[in-house]
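Here is a short report on charged side chains that pair up. Look through the structure first, then read on.

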Amino acid sequence: MASISPTPSFISSTHSRSLKRRSGQSSHALQRDPKKGLSRILRKDAAIKAIERKANSKKYNNLWPKAVLEALDEAIHENLWETALKIFGLLRQQQWYEPRCQTYTKLLMLLGKCRQPEQASLLFQIMFSEGLKPSIDVYTALVSAYGQSGLLDKAISTVDEMKLVSDCKPDVHTYSILIDCCTRLRRFDLLKDILADMSYLGITSNTVTYNTIINGFGKAKMFQQMESLLLEMIESDSCPPDLITFNTFIRAYGNSEQIEKMEKWYQEFQLMGIEPDIWTYNSMISSYGKAGMYGKMVSVLNFMEKRFFSPTIVTMNTIIDVFGRAGNIEEMEEYFKKMKFQGMKPNSVTYCSLVNAYGKSGDVEKVDLILRQIENSDVVLDTPLFNCLINVYGQAGDMRKMGELFLEMKENKCVPDGITFATIIRALKAQGMTEAAQRLENKLIATRDNE
């Protein structure tokens with residue numbers, strides 16, 4: 001069941017200014033494709049709701065196929081798992097309905113993303129009840145659903161179950177999914193048996209398999225194992241390292257601030273004939289910035305431009321954020337201007353960095369200016385941006401504006417998260433409003449208990 005966000009009692013039900021009023025708008029859809037018209041998004045949203053309403057009734061059994069299927073696809077696309085399951089229930093009532101493995105695969109992948117393993121298990125049973133034999137893709141999606149939810153025992157048992165089905169043996173993709181889940185959960189102890197299992201079944205690891213494990217080792221800072229696996233790839237005829245391997249090494253060493261190692265492997269991969277791409281340079285810029293090596297960070301940007309690699313919004317956002325965190329407001333503003341001069345539209349990430357930097361320097365007037373820029377732009381508002389703004393005004397003791405932003409957040413369909421409420425509670429306590437802070441904490445506890 002979706003959680004209900006409590007509203008702090010100190011916030012008035014009416015407020016004077018509106019940051020953005022986009023009733024019924026899907027901000028995520030806009031962010032993915034800014035060329036979509038608002039009317040089209042509203043129509044899609046309305047279509048989903050209309051189909052969802054019909055799903056609550058058993059009298060609709062001969063609806064137009066296109067309407068139902070498009071609503072289901074859109075709900076899956078937007079990660080609305082509860083809505084998707086309701087629409088799927090309506091789909092199964094239709095006279096023209098035929099069960100398809102592809103539909104079940106999509107739903108199982110969605111339930112995996114949304115960490116709903118029990119729903120995934122139930123859906124799998126429904127598939128059997130319809131007399132549909134699961135395909136390899138369906139089984140693999142179920143493995144993913146269990147694995148992403150941390151249920152590795154169930155994921156492994158599902159792979160074992162696949163082995164017993166004659167034409168549904170697990171393939172390299174199935175095992176890559178399982179390996180990815182293991183590395184995400186730092187269960188490297190399971191990899192040896194999984195790889196041995198693959199070898200026994202005659203399944204050869206490919207570059208994707210190796211890259212998945214290397215990525216896991218890199219995030220866990222297991223650099224010796226990471227390099228050892230790379231050596232296996234180099235010596236292998238079938239799994240040569242590729243650009244993803246290159247970028248994984250750069251990111252792993254860069255994030256750990258092992259700059260010399262990062263630079264060494266940058267050269268090594270080029271000697272292997274693998275050339276960097278924009279993601280390589282973005283990772284290096286981030287790493288140099290994190291290490292406080294601002295000169296090298298700017299040098300990479302200049303080198304990119306000389307090599308005809310156009311900086312992306314990620315590149316400029318990274319540099320803006322680095323200078324902002326360092327308190328170098330002038331450089332931050334300079335790159336913000338450069339970004340706009342190059343025709344890049346600032347997004348939520350850009351404004352988060354600016355707001356945080358101005359808030360840290362105590363320049364609330366410039367945050368006001370940023371708010372006005374946002375009002376006059378088509379930037380897609382999200383929860384992190386609202387959290388940044390609420391934090392700045394809370395620290396400045398402006399409870400009224402903080403309350404207005406909280407209400408605007410709900411109007412823009414941005415769901416408040418733990419950071420939102422922790423920020424508000426901290427601001428209330430700082431202003432001596434301990435009773436209001438306690439009431440909000442109690443509401444949060446009650447809401448979590450009822451979920």
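## Salt bridges in a predicted model

A network of salt bridges links Asp-160, Lys-163 and Asp-197. The model is a predicted one. A search through the whole structure turns up 17 salt bridges. This report takes up a few, including those of the network.

Start with Lys-163 and Asp-160. Their closest N and O atoms are 2.9 Å apart. Both residues sit in helix α8, which covers residues 152-163. They are three residues apart, about one turn of the helix.

Asp-197 forms a salt bridge with Lys-163, with 2.7 Å between the closest N and O atoms. This pair links distant parts of the chain. Asp-197 belongs to helix α10 (residues 191-200), Lys-163 to helix α8, and 34 residues separate them.

Another pair is Lys-106 and Asp-73. Their side chains meet in a salt bridge, 3.5 Å from N to O. Lys-106 lies in helix α5 (residues 101-113) and Asp-73 in helix α3 (residues 65-77), so the pair ties together parts 33 residues apart in sequence. How exposed is Lys-106? Lys-106 is partly exposed, at a relative accessible area of 34%. Asp-73 is partly exposed too, at 38%.

| Lys | Asp | N to O distance |
|---|---|---|
| Lys-106 | Asp-73 | 3.5 Å |
| Lys-163 | Asp-160 | 2.9 Å |
| Lys-163 | Asp-197 | 2.7 Å |

Notes:
Residues numbered from 1 in each chain as written. Predicted model: local features only at pLDDT ≥ 70, side-chain atom pairs only at ≥ 80, totals over all residues. Heavy atoms only, no water. Salt bridge = Lys/Arg side-chain N within 4 Å of Asp/Glu carboxyl O. Helix = DSSP H or I, 4+ residues; strand = E, 2+ residues; numbered from the N terminus. Buried < 20%, exposed > 50% of the residue type's maximum accessible area, 1.4 Å probe, protein only.
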